[in-house]
Amino acid sequence: MLLDSNIIIYAAKPGYPDLRRFIRDHSPAVSAVSYVEVLGYHRLTERERSLFETFFTAAKVLPISGAVLNQAVRLRQARKMSLADALVAGTALEYGLTLVTRNTRDFEWIDDLSLLDPLKPSSP
């Protein structure tokens, strides 16, 4: 599993203990892009920064390799998408990981990409 930036941010909020348990139980990887997106946010409080730095120290951060770049280029050639989303999706594709995200609609069109929204209510 590969966590999208939005999942990391949600998990830091007090109202998401189940999401934190999910992350703990699955030990998913993160993209180097998420590292930049989350820690690079200019309005982080010191508490948030410390929390996220601790998280990224413990997480497996996957690099932006040449293969990931090629995947991202292929995706952006196929359809308009943000550079960050293309790199995150490219990372998931290259490593054969399920992308865990709240923004499944942004990625649904990618045939080979497995998606999971852990905050989506389960169907009865």
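Guide: Helices (H or I, at least four residues) and strands (E, at least two) are DSSP runs, numbered from the N terminus. Ser31, with which we begin, lies in strand β2. The model is a predicted one, in which local features need pLDDT of at least 70 and side-chain atom pairs count only at pLDDT 80 or more, while totals for chains, interfaces and linings use all residues. Residues are numbered from 1 along each chain as its sequence is written, and side-chain values use heavy atoms, leaving out hydrogens and water.

Is Ser31 buried or exposed? Buried means under 20% relative accessible area, exposed over 50%, and partly exposed in between, with a 1.4 Å probe and protein chains only. Ser31 counts as buried because its relative accessibility is 0%. Contact means heavy atoms within 4.5 Å; leaving aside residues up to four places away in sequence, Ser31 touches Leu2, Val61, Leu62, Val88 and Thr91.

A polar contact is a pair of N or O atoms within 3.5 Å; within protein, one must be able to donate a hydrogen and the other to accept it, and residues adjacent in sequence count only if both atoms are side-chain atoms. A polar atom of the Ser31 side chain lies 3.0 Å from the backbone nitrogen of Val33.

We turn now to the sheet. Two strands pair if DSSP finds at least two bridges between them. Strand β2, residues 29-31, pairs with β3 in the parallel sense over three bridges, and Val30 stands opposite Val61 in β3. The open sheet has five strands in the order β3-β2-β1-β4-β5, with parallel pairing. β3 (60-62) and β5 (115-116) each have a single partner strand and stand at the edges, so one side of each is left without a neighbour in the sheet.

Two packed helices are described by the angle between their axes and the distance between the axes. Axes are lines fitted to C-alpha atoms, for helices over the stretch in contact, and angles run from 0 to 180 degrees between N-to-C directions. Helix α3 (residues 32-39) packs with helix α6 (residues 83-95) at an angle of about 140 degrees, their axes 8 Å apart. This makes α3 oblique to α6, since angles under 35 degrees count as roughly parallel, over 145 as roughly antiparallel, 65 to 115 as roughly perpendicular and the rest as oblique. Val33, Ser34 and Glu37 in α3 meet Ala84, Leu87 and Val88 in α6.
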